[in-house]
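Subject: Structure handover

Hi,

Here is the structure for you to look through. My notes on what was found follow below it.

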Amino acid sequence: MSVPFYKKRLPFVYTNAALTLIIINVGVFFLNYAIPETRVLLAMVPPWIVSRGYIWQFVTYMFTHADMSHILFNMLGLFFFGVQVEHRMGSYEFVLFYMVTGVLAGVFSFLVFYISGTVTVLLGASGAVFAVLLAFAIYYPDARIFIMGIIPVKSTHLVIGYTAIEIFSQVVSVNSGIAHMTHLAGFGFAFLYFVLRLGINPIDVFRGGSGRGGYWR
């Protein structure tokens, strides 16, 4: 029986792709500060995608950040969680996972913003980083993450907590300037990626059942 194209395996290699993604993000950040006009071209502006055909923004929005704190927290998440996930997935699969979930989170947000007529600019790696966080919890369900360096929380509980916070925040803080919906989309598309491509059911892992902490190569 032939393997469906979306399940075909990639060679397992490790090339520090997570660190490369961080370097690219930092490079784009300084480019935006040196040439402010580039931020507008690279961030996602839904009306411009439709009227001007700026379809590259579905990708480039992930590498564009608003300020130092924005990129700092995203890159810290990518470093702490992404490096470990890459060790389990392999670099090729990790980059595919990161890009697919990030782009789809952007496309989903674009559709919602455009259909609802919301005027906004979407930028930042948060959608992809939230996807990486879910992947970390699937591969390392018993890992302890110390919030503010003090409070230990299991990775699976952290994902559940973040999901609840993001849903609540999306409902009560629609105009907060934070793309809670994009964060949730990152979780959602990461979930689908594991189910459809990697054959791992995150629900089973979170329940401590079959597939717990499993990995795919």
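Contact here means heavy atoms within 4.5 Å. By that rule, F94 touches A17, A18, L21, L78, G82, V85, E86, M89 and V132, leaving out residues up to four places away in sequence.

Some ground rules. This is a predicted model: local features need pLDDT of at least 70, side-chain atom pairs count only at pLDDT 80 or more, and totals for chains, interfaces and linings use all residues. Residues are numbered from 1 along each chain as its sequence is written, and side-chain values use heavy atoms, with hydrogens and water left out.

Overall layout. The protein has 10 helices and 2 strands. Both are DSSP runs numbered from the N terminus: helices are H or I with at least four residues, strands are E with at least two. The order from the N terminus is α-α-α-α-α-α-α-β-β-α-α-α. Of the contacts between residues at least 6 apart in sequence, 72% join residues at least 24 apart.

Burial. Buried means under 20% relative accessible area; exposed is over 50%, and partly exposed lies in between (1.4 Å probe, protein chains only). Buried residues make up 44% of the 217 residues.

The core. A nonpolar core is a set of buried Ala, Val, Leu, Ile, Met, Phe, Trp, Tyr and Cys residues joined through side-chain atoms within 4.5 Å. The largest one has 53 residues, and L78, V85, M89, F94, F97, Y98 and F194 touch the most other members. Helices α1 (17–34), α5, α6 (91–116), α7, α8 (155–172) and α9 (180–198) each supply at least two of its residues. The largest share, 12 residues, comes from α7.

How do α5 and α7 pack? Helix α5 (residues 68–89) meets helix α7 (residues 126–139) at an angle of about 40°, with the axes 9 Å apart. Axes are lines fitted to C-alpha atoms, for helices over the stretch in contact, and angles run from 0 to 180 degrees between N-to-C directions. So α5 is oblique to α7. The α5 side of the contact is H70, N74, G77, L78, F81, G82, Q84, V85, R88 and M89, and the α7 side is S126, V129, V132, L133, A135, F136 and Y139.

N25 lies in helix α1. It counts as buried because its relative accessibility is 0%. Beyond neighbours within four places in sequence, N25 is in contact with M62, F63, H65, I71, M75, Y98 and A125.

Best wishes

Conventions: Angles under 35 degrees count as roughly parallel, over 145 as roughly antiparallel, 65 to 115 as roughly perpendicular and the rest as oblique.
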